[in-house]
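Dear colleague,

Please find below the structure that I am handing over to you, together with its sequence. My findings follow it.

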Amino acid sequence: MIVGIDAKRIVRNGTGLGSYGRTLVNDLIRLGDSDIQLRLYAPDEGREELRTQIIEGGDFYYPKGKPSALRKAWWRSRGIINDLLHDGVEVYHGLSGELPIGLRKAGIRGIVTIHDLIFMRHPEYYHWIDTKIYEWKFRQTLQEADHIIAISERTRQDILELGGQEYEDRISVIYQSFAPRFSADVKPECKAAVRERFKLPQRYVLNVGTIERRKNLAVAVEAVDLLPQDIHLVAVGRQTKYVRELPHSERLHLLSGVSDTDLAAIYAMAEVFVYPSRYEGFGIPIIEAIAAGLPVVACTGSCLEEAGGPYSRYVNPDDAIGMAEALKMSLRGARNRQERIERSREYIRRFEGNDVARQVAQLYKQL
């Protein structure tokens, strides 16, 4: 069976959708299922350092010639159909909430992963015209999809409520997996080099994710300023204009453009992970943090309890004092800290790669 994969985010996005795609594809390859042959379709080669993270067994395919940006967009949304038919693709998997128009008419089975519907739940975080485009793509994709993967129960409920109850039999919840590098030991010399390169403080709370309004980093800045003076906040992620709205704090360290190897070391040296986002489809950085051996403090209101499990701590996204208290009870030396870490690690075993890949491979075969 030839399975086509939408690889645009795999070759372009360093985190988020890109990490999801690279981890899933590599896990599918490692399964070694001889019944499945993967073909990865991208509008261009993207970034070499991302593309080369795909292990042997995942071959890339691109549109012919040197198309313009507009032509690439057209190819991904419509023109790719002819290439899929030519290559004998039987199942096509859209990894980032989209499927090409005409897939069903062409007789190719479509499966789509939907990560979240934040643009419909909280349109205030988007430009109004973007919300209209995203919603149109969402409804069009529902028409093309033979099956839908929701990455959390929260996302499944959002699809049914905002898309329609008639899709209930076509939705499976299959959680995201996390890259194994976060659970691997980091050598002391690597930690020392990373600490020096980024001028990291000796003790810090870590946050990972795009620094934008929805992620609500401001409340974490306020909370850390209520902790002992030697505790700092390190935030890793792409920066938006929201950075200008953050409270001024000499204990806040903003990092961007961090490699995967360096990020694993930054996780390994932190004391606590904080994820104050107001709304998420899942929250994969929480899983990465737990895998790295960190206790987690996150916020209520979406699916973060689903990702972090019962042994992480959760507070209202507007409660800086409550967050400070939860962080204080998670620092090194805090009571029951190690037990929480160990139990959380047991909880996230459900997100390990091969289990996720097997579920996805089984869906391909069912289709």
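At what angle do the axes of helix 6 and helix 7 cross, and within what distance do they come? Please note that this is a predicted model. In it, the axes of helix 6 (residues 128–144) and helix 7 (residues 153–163) cross at roughly 95 degrees and come within 12 Å. Helix 6 is therefore roughly perpendicular to helix 7, since angles of 65 to 115 degrees count as such.

The contact between these two helices involves Phe138, Arg139 and Leu142 on the helix 6 side, which meet Ile159, Leu162 and Gly163 of helix 7. Of the residues in this contact, four are nonpolar, one is polar and one is charged.

Helix 2 also deserves a description. This helix spans residues 17–31, and its 15 residues reach 21 Å from the first C-alpha to the last, close to the 21 Å expected at 1.5 Å a residue. Helix 2 is mostly covered, with twelve of its 15 residues buried; among them are Tyr20, Arg22, Leu24, Val25, Asp27 and Ile29. Glycine 32 follows helix 2 and has a positive phi, near 70 degrees.

As for the overall fold, the protein chain has 15 helices and 13 strands. Its radius of gyration is 21 Å, close to the 21 Å that the globule rule gives for 367 residues, so the chain is as compact as a globular protein of that length. Buried residues account for 56% of the 367 residues. Of the contacts between residues at least 6 apart in sequence, 67% join residues at least 24 apart.

With kind regards

Notes:
Residues are numbered from 1 along each chain as its sequence is written. This is a predicted model: local features need pLDDT of at least 70, side-chain atom pairs count only at pLDDT 80 or more; totals for chains, interfaces and linings use all residues. Side-chain values use heavy atoms; hydrogens and water are left out. Axes are lines fitted to C-alpha atoms, for helices over the stretch in contact, and angles run from 0 to 180 degrees between N-to-C directions. Helices (H or I, at least four residues) and strands (E, at least two) are DSSP runs, numbered from the N terminus. Angles under 35 degrees count as roughly parallel, over 145 as roughly antiparallel, 65 to 115 as roughly perpendicular and the rest as oblique. Contact means heavy atoms within 4.5 Å. Ala, Val, Leu, Ile, Met, Phe, Trp, Tyr, Cys and Pro count as nonpolar, Asp, Glu, Lys and Arg as charged, and the others, Gly among them, as polar. The expected span of a helix is 1.5 Å times one less than its number of residues. Buried means under 20% relative accessible area, exposed over 50%, partly exposed in between (1.4 Å probe, protein chains only). The radius of gyration is taken over C-alpha atoms; the globule rule is 2.2 Å times the number of residues to the power 0.38.
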